[in-house]
Amino acid sequence: MNKKVVAVLGGGNGAHALAADLTNRGYLVNLYEMPRFKKNMTKVFETKTVSSIGVIEGIFEMNMVTDDIEEAIKDVKYIVILTPAFAHADYAKLLKGKVTSDQVIVSIPGAFASLKIKKIIGSDPCPVLVDANNLMYDARLVEPGKVNILELDKIELG
């Protein structure tokens, strides 16, 4: 399990911001988007980068950009689901049978995602499940692959 590699699941404002922020702080980010939404992230898939302006500026190279969930979460300690609450069940179904008890799944926003995920993936093995109440970024996608991070509350992965 590599604590310096983080799987970020999702392709919206928050996922782009988290991917840029973590990469800027020295983490390797496996950015995952569901195949049905991959077209919305064509530039990121092609360049393997996320560009950021605002309080974090730069072009950040991802460890990987993929629509293969097994590839995205392989050997990572932290899996962050950064999607609207209505997508939590879909992600839980994708993760079922693929996660280990050594992994930590963080859902942002939580919205009782841990309960939903646990019900879908079951208990054997069951990763640590964490719900975060709010997105830690005020961020907007300004163009494909480019996020404007206006404010942030840095998270620390232990």
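Tutor: Let's start with a ground rule: two strands pair if DSSP finds at least two bridges between them. The strands themselves are DSSP runs of E, at least two residues long, and helices are runs of H or I, at least four long, with both numbered from the N terminus. The model is predicted, so local features need pLDDT of at least 70 and side-chain atom pairs count only at pLDDT 80 or more, while totals for chains, interfaces and linings use all residues. Residue numbers run from 1 along each chain as its sequence is written, and side-chain values use heavy atoms, leaving out hydrogens and water.

Student: What makes β2 and β5 count as paired?

Tutor: Three bridges join β2 to β5 (residues 64-66), and the rule asks for at least two, so they pair. The two strands run parallel, and Y32 has T66 in β5 as its bridge partner.

Student: How do you know whether H16 is buried or exposed?

Tutor: Buried means under 20% relative accessible area, exposed means over 50%, and partly exposed is in between, using a 1.4 Å probe and protein chains only. H16 comes out at 2%, so it is buried. This residue is in helix α1. Contact means heavy atoms within 4.5 Å, and beyond its neighbours within four places in sequence, H16 is in contact with G11, M41, V44, V50, L141, G145 and V147.

Student: And why is L94 called partly exposed?

Tutor: Its relative accessible area is 25%, which lies between the 20% and 50% limits, so L94 is partly exposed. L94 lies in helix α4 and touches Y32, M34 and I69, not counting residues up to four places away in sequence.

Student: What makes a group of residues a nonpolar core?

Tutor: They have to be buried Ala, Val, Leu, Ile, Met, Phe, Trp, Tyr or Cys residues, joined through side-chain atoms within 4.5 Å. The largest core here has 30 residues, and L31 and M62 have the most contacts inside it. Several elements supply at least two residues each, among them β1 (2-9), α2 (42-47) and β6 (76-82). Helix α1 gives the most, with six residues. A second, separate core has 20 residues, including A92, V99, I105 and I117. As general background, nonpolar side chains in soluble globular proteins tend to be buried together.

Student: Which residues does M62 contact, leaving aside neighbours within four places in sequence?

Tutor: A19, T23, V29, L31, K48 and V50.

Student: How do you know at what angle α4 and α5 pack?

Tutor: Axes are lines fitted to C-alpha atoms, for helices over the stretch in contact, and the angle between N-to-C directions can run from 0 to 180 degrees. Helix α4 (residues 88-95) and helix α5 (residues 113-121) come out at about 35°, with their axes 9 Å apart. H88, A89, A92, K93 and L95 in α4 meet A113, K116, I117, I120 and I121 in α5.

Student: Why are β4 and β9 called edge strands?

Tutor: The open sheet has four strands in the order β4-β3-β10-β9, with mixed pairing. β4 (58-61) and β9 each pair on one side only. Neighbouring strands are turned by 30° against each other on average, direction ignored.

Student: Where does A111 lie, then?

Tutor: A111 is in the loop between β7 and α5, with a positive phi near 45°.
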